[in-house]
Amino acid sequence: MELEYGNKEVFDAETASAMMKELRDAFGNGKTKSFEWRVSQLESLLKIANNHEKEIIDALCSDLSKPELESFVHEIALMKSSCKLALQELKHWMTPQKVKTPITTFPSSAEIVSEPLGVVLVISAWNYPFLLSLEPVIGAITAGNAVVLKPSEVAPATSSLLAKFLGEYMDSSAVKVVEGAVPETSVLLEQKWDKIFYTGNGRVGRIVAAAAAKHLTPLVLELGGKSPVVVDSDVNLMVAARRIIVGKWGCNNGQACIAPDYIITTKDYVPKLVDALKLELEKFYGMDPLNSEDLSRIVNSNHFARLKKLLDDDKVSGKIVHGGQMDEGILKIAPTILLDVPEDSLIMNEEIFGPLLPILTVDKVEASFGMINSRDKPLAAYLFSNKKKLKEEFVKTVSAGGLAVNDTSLHVAVSTLPFGGVGESGMGAYHGKFSFDAFSHKKAVLYRSFAGDAPARYPPYTPAKLRFLKALLNGDILGIIRALFG
Amino acid sequence: MNEMVELGKSLAEVRETFRGGRTRGVAWRKTQLRAIIKFLTDNEDQIFKALEQDLGKHPVEAYRDEVGVVKKSANLALNCVEKWMAPKKGHIPLLFFPSKGEVLPEPFGVVLIFASWNFPISLSLDPLIGAISAGNTVVLKPSELAPACSSFLASALPSYLDPKAIKVIEGGTDIAEQLLQEKWDKIFFTGSPQVGRIVMSAAARHLTPVTLELGGKCPTILDSLSGSSDMEVAVKRIAGAKWGACSGQACIATDYVLVERKNAYILVDLLKKIIQRFYGENLKNLKNLSKIVSKHHFDRVRKLLEDPIVAASIVHGGSVDEENLTIEPTILLDPPLDAEIMTEEIFGPLLPIISLDNIQESIEVINSRPKPLAIYAFTKNEAFKKQILTQTSSGSVTFNDVMVHFVCDTLPFGGVGQSGFGRYHGKYSFDAFSNEKAILQRSFLIELEARYPPWNDFKMQFLRLAYSFNYIGLVLLYLGLKRTSR
């Protein structure tokens, strides 16, 4: 019997309980662990992306006015890439990893076996509602788990698209979508999960972590922060400007966890930087960016009001050097650059998550690292420079989830790099094999034999046994021989 | 109040030390690791004395499970820390040429370690070694239930280790609660699931990542073994892993044994003989056996025998010496599966033997309980081994032995489900206290125009090909030989 947990039924504690039982039964009978099941589910996900590309793009357009190319590149293509990689590598990832054994357990052999954690919960975000729902689900399935996906209600068209297509294409006894908002999420969080994967903000991240603590459920929290960009003066300015622009406004109009949040550059260089940004912005979005089709809108009126409030302060609005135009009717804000806003203003103390780009200036570019480290650790940090020493210093001292030098945001597309935060920007990582690992338990297995039973292990304890144990634990071969032969 | 002020000052100091940066250099880390080795060598006798006082541990057991283990870990870390600190290369797809990707481990910052009382030296110092090799500053809170060890660590460590970077704070629940109010960059906890929940809830408020090394009922499966010498080796190992490990007060001790009915009596007989040989005939002349750590735990373990049906199942031992907090090695045959002794982690010298019609049933018994830290299985049946591996879940599995995986540094040591999450030992200790920072280095050469708006069909086609890593297609597109799809 298939139960529907869409908006059609009230998702309460009783429904949740029944759902959990169904999922535990599905996991318990072993089918999600099989290679064949995982492959079939991954292939079904690919089919959804291939067969329904237009509907997905339409849903993203409805939810976010996302340009078609962004929808394709940042959501559909990345998701398909992950699916294909998982299909390609699954056998290899599932193979136990043999490890060497030390002399202390001789004779023995050992391996690490990846096994699914069981029944897992993925809570997704609204800004990349397709990708941030399915990328973790791909990880969960690849690792052999049963999974419940709770898409964000702030992107309702994508949420119901996911409920519809996952319901149609996937094995619904083990892969479920629960739509809803705070009440449904709270009910979900009361259940006992074997892992919870949450993408969103720090405030809700804490609520998720507290709920997980009740059941000792391990977590991945993909949060956000203020991702800074340090711009040195010796760079190819045009290329740097373009890469900053596309990382900021080309990523859902700044509503991305790894979008550049603010820039730090030197007082001497800032006029050139601002000019370059203005020039390239016009090339990309034209003279009337509010009506450019290549820019996403602000997701809803709440967030629009939030962003408007950041500019409400006179000390802030007076620092606008480019843009600032808004149209509440179509929920659009033009790319806006501000210069030297006060460091204690709201815009410099909250993740902006929108098309406003403050630039702070310093006397020497080296001072920027201390400024960054005095704030909460962000999800990403960027540096544009050609100086070897500065790059080395940046990599060594700036703590963030991920760093990119001479580019922005691109590291998210490299599946061989772990994607995750640290401190306030989160814990755990995924992408590529890291997704598989995030949803796996790495079970240690030691194979011993009956031969070679060292009497030194057992009482009665004697000084000779002590000598032997000392040598054994120190890996001291001669000592072992001496102890054995008196 | 004074205590709180002292605590505040200590915390401020370790935070300041981390900010100052000296713990990040390899020289500082190696100095601390050498100091730990020296601490152990210089103070071996005092450590044995403290362990004898707190737990009645014999020096051989103390060396094997505590001093030797820590020395081994410190030596390994000393030899490998430089290698572990080095960045790991990540392969970058050709599409992003020229680029360099790597993952660089960095310390979390200021970490808190809670140690348990049963291995008060190794469960304090092993995680400490991990934290130090990863470059963190540390506050260590040893368990107040092992007061001699706790005060020895508090008084002696500061003269060996950097006192501004590594602090030992003694105390009970109230100190622990105060520590948990603070914001840490990582918490490492060894102890019970109940307290694990409290620690994780406190950590949730600050989004602090945690490692929880908890416990559970570690079952030992004893299959029919053809040779009588194999049987003897198996039973010796089981006995050693129960009573030889702090009198059963170990998270990885054999909690209960599963055996086929036809082998139950041989097992009991052999166990009796071995107990006599290793530990003595009766309560009056017990030797080589640790005592129960406290009156509270003594009462807890004794209470497990109070149930008359449970008491009736005792086939050996059962006597207790309240004055000396000693309980003699006790064997029970088939106590009820729903009695407390079979639902709670015993953590004491009582060994229930559960007899089954068929050894295969052991899998069901194990799966009906929370996932344990370890599963042990004595069997030569390769198919049965595979069954155990794939049909049960636990932190680890050891075949044909017990507990020795603890000294196998190449295997991760940690739990799953109720037995915890996260892992350590060997390089895993270093990893447990590190943030793996992703780094992408790009160059200004070679620009991919298709990354930038304004969007058009050509760029769409380019990106479609790019995402499939269809390099030939890309070349053709550039040469104008591939038509755009729309």
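Okay, hi everyone. Residues are numbered from 1 along each chain as its sequence is written, and chains are lettered from A, with ligands numbered from 1, in the order in which they are written. Since the model is predicted, local features need pLDDT of at least 70, side-chain atom pairs count only at pLDDT 80 or more, and totals for chains, interfaces and linings use all residues, while side-chain values use heavy atoms, with hydrogens and water left out.

Let's start with salt bridges. By that I mean a side-chain nitrogen of Lys or Arg within 4 Å of a carboxyl oxygen of Asp or Glu. How many are there over all chains? A search of the whole structure turns up 52.

My pick to show you is B:Glu449 with A:Arg242, at 2.9 Å from N to O. This pair crosses between chains. On one side, B:Glu449 sits in the loop between strand S18 (434-442) and helix H17 (457-467) of chain B; on the other, A:Arg242 belongs to helix H9 (residues 237-248) of chain A. When I say helix or strand, I mean DSSP runs (H or I of at least four residues for helices, E of at least two for strands), numbered from the N terminus.

Now, buried or exposed? I call a residue buried under 20% relative accessible area, exposed over 50%, and partly exposed in between, using a 1.4 Å probe and protein chains only. A:Arg242 counts as buried because its relative accessibility is 8%. B:Glu449 has 37%, so that one is partly exposed.

A network of salt bridges links A:Arg242, A:Arg243, A:Glu280, A:Lys283 and A:Asp407 with B:Arg442, B:Glu447, B:Glu449 and B:Arg451.

Next, a pair inside chain B: B:Lys167 and B:Glu13 form a salt bridge at 2.8 Å, N to O. B:Lys167 is in strand S5 (residues 166-168) and B:Glu13 is in helix H1 (residues 2-20), so this contact ties together parts that are 154 residues apart in sequence. B:Lys167 is buried at 14%, whereas B:Glu13 is partly exposed at 28%.

Over in chain A, A:Asp437 and A:Lys442 also meet in a salt bridge, at 2.7 Å from N to O. Here A:Asp437 is partly exposed, with 26%, and A:Lys442 is buried, with 17%.

Most residues other than glycine have a negative phi, and most peptide bonds are trans. So here are some that go the other way.

A:Phe106 and A:Pro107 are joined by a cis peptide bond, with omega about -5°. You'll find A:Pro107 in the loop between S1 and S2 of chain A. In chain B, another cis bond joins B:Pro453 and B:Pro454, with omega about -5°, and B:Pro454 is in the loop between S18 and H17.

For positive phi, look at A:Asn252, near 55°. Its place is the loop between H9 and strand S9 (262-266) of chain A, and A:Asn252 is buried, with a relative accessible area of 0%. B:Asn288 has a positive phi too, about 60°. B:Asn288 lies in the loop between helix H10 (261-279) and helix H11 (295-303) of chain B, and is buried at 11%.

A:Ile103 is in the loop between strand S1 (97-99) and strand S2 (108-116), and is partly exposed at 33%.

Last stop: A:Ala483, in helix H17 (residues 477-484) of chain A. A:Ala483 is partly exposed, at 23%. A:Ala483 and A:Phe468 are 15 residues apart in sequence, and their C-alpha atoms are 5.1 Å apart.

That's me done, thanks!
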